[in-house]
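This report goes through selected features of one protein chain, residue by residue and element by element. The sequence and the structure follow.

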Amino acid sequence: MNAKQAAGYKAAEWVQEGMLVGLGTGSTAYYVIERIGQRVAEGLKIQAIATSKVSEELAEKYRIPLIKAADVSKLDLAIDGADEVDPALALIKGGGGALLREKLVAINSDKFIVIADPGKLVPHLGAFKLPIEIVPFCYEWTLVQLKSRYDIEFQMRTRDGGLYVTDNGNYIVDASFGVIKDPGTLDVELKQLTGVVDHGLFVNIADIVVIGHEDGTTEMIEKP
């Protein structure tokens, strides 16, 4: 069992009979879905919302019943990975491109559990580039706004020789802010820019972080 599997399997223990669960996206969240799928096969009855088409396909593979947001008002629990976690449990997410759906699911859940390996724990956010989801229309003007306001380096995310397109039909900018000393302020500022749909800063959203280790052990960090 590797660190990601240890964290994912441990977090899956929070899932209880009858719960409505948000399924995250990414290499660590894969193990959560795998373990929940095993428990469903053993008789656990839950319903879930997946945060990406990839996670949706994985849930279907494991016969985890999926529902639509219109069917419920909120979720009991969401479990997802992170690219960086600071001491206040602020996160950078979105390396896999599902940040908007992940944030929608996380903020509409009673409890949000983050799973990670020790390398994701950082004293300050910002070494990992911050993903910013923007609308395709006049996206060049949105880039001008970002450059003018923050004087940062950034790259449009690409895939297969073209611009990367999210499950929502948008583009992603990966921005190098360096050390982010005040994630809360940057969170609000970025959302105010016309053309920006959302971004990968998750501030005051995570409740618990489960850290998995290569020896299969885990530790839990709760919100300060």
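Lysine 93 is buried in this predicted model, because its relative accessible area is 2%, under the 20% limit for a buried residue. Lysine 93 belongs to the loop between S5 and helix H4 (99–107). The side chain of lysine 93 has two polar partners to report. One is the backbone oxygen of glycine 81, reached at 2.6 Å. The other is the side chain of glutamate 102, with a polar contact of 3.3 Å. Leaving aside residues up to four places away in sequence, lysine 93 touches Asp80, Gly81, Ala82, Asp83, Leu99, Glu102, Pro131, Gly200 and Phe202.

The charged end of another lysine, lysine 103, sits over the ring of phenylalanine 202, 5.0 Å from the ring centre. Phenylalanine 202 counts as buried, because its relative accessibility is 0%. A charge over a ring is also found at tyrosine 164, where the charged end of arginine 157 lies 5.6 Å from the ring centre.

The model has 4 aromatic pairs. Among them is the pair of phenylalanine 112 and phenylalanine 202, whose ring centres are 6.4 Å apart. Their planes stand at 35 degrees, so the pair is tilted. Phenylalanine 112 is buried, because its relative accessible area is 1%.

Another of the pairs joins tyrosine 150 and phenylalanine 177, with ring centres 5.3 Å apart. Here the planes meet at 75 degrees, so the geometry is edge-to-face. Tyrosine 150 is in helix H5 (residues 139–150), while phenylalanine 177 is in the loop between strand S11 (171–176) and helix H6 (183–191), so the pair ties together parts 27 residues apart in sequence. Both tyrosine 150 and phenylalanine 177 are buried.

Strand S13 also belongs to an open sheet of 3 strands, in the order S4-S5-S13 with antiparallel pairing. The edges of this sheet are strand S4 (84–85) and strand S13 (201–202), each of which pairs on one side only. Strands of a sheet pair through backbone hydrogen bonds, either parallel or antiparallel. S4 is joined to strand S5 (residues 91–92) by 2 bridges, and valine 85 has leucine 91 in S5 as its bridge partner.

| Strand paired with S1 | Bridges and sense | Example of bridge partners |
|---|---|---|
| S2 (residues 47–50) | 4 bridges, parallel | valine 21 and alanine 48 |
| S3 | 3 bridges, parallel | glycine 22 and alanine 78 |

Between S1 and S2 the chain passes through H2, and this β-α-β crossover is right-handed. Within strand S1 (residues 20–23), Leu20 and Gly22 point one way, Val21 and Leu23 point the other way, and all are buried.

Helix H1 (residues 3–11) is mostly covered, with 7 of its 9 residues buried. These buried residues are Ala3, Gln5, Ala6, Ala7, Gly8, Tyr9 and Ala11. What covers them includes helix H2 (29–41), strand S3 (75–81), S6, S14 and S15. The N-terminal end of H1 is capped by asparagine 2, with a side-chain oxygen 3.2 Å from the backbone nitrogen of lysine 4.

Which residues does glutamate 214 touch, not counting residues up to four places away in sequence? They are Met1, Asn2 and Ala3. Glutamate 214 is found in the loop between strand S14 (208–212) and strand S15 (218–222). Glutamate 214 is exposed, because its relative accessible area is 58%, over the 50% limit for an exposed residue. Glutamate 214 and proline 118 are 96 residues apart in sequence, yet 9.5 Å apart in space, C-alpha to C-alpha.

How values were computed:
Residues numbered from 1 in each chain as written. Predicted model: local features only at pLDDT ≥ 70, side-chain atom pairs only at ≥ 80, totals over all residues. Heavy atoms only, no water. Buried < 20%, exposed > 50% of the residue type's maximum accessible area, 1.4 Å probe, protein only. Contact = heavy atoms within 4.5 Å. Pairing = 2+ DSSP bridges. Phe/Tyr/Trp six-rings, centres within 6.5 Å; stacked < 30°, edge-to-face > 60°. Lys NZ or Arg CZ within 6 Å of the ring centre and 35° of its normal. Polar contact = N/O pair within 3.5 Å; in protein donor to acceptor, adjacent residues only side chain to side chain. Right-handed = clockwise from strand over helix to strand, strands pointing away.
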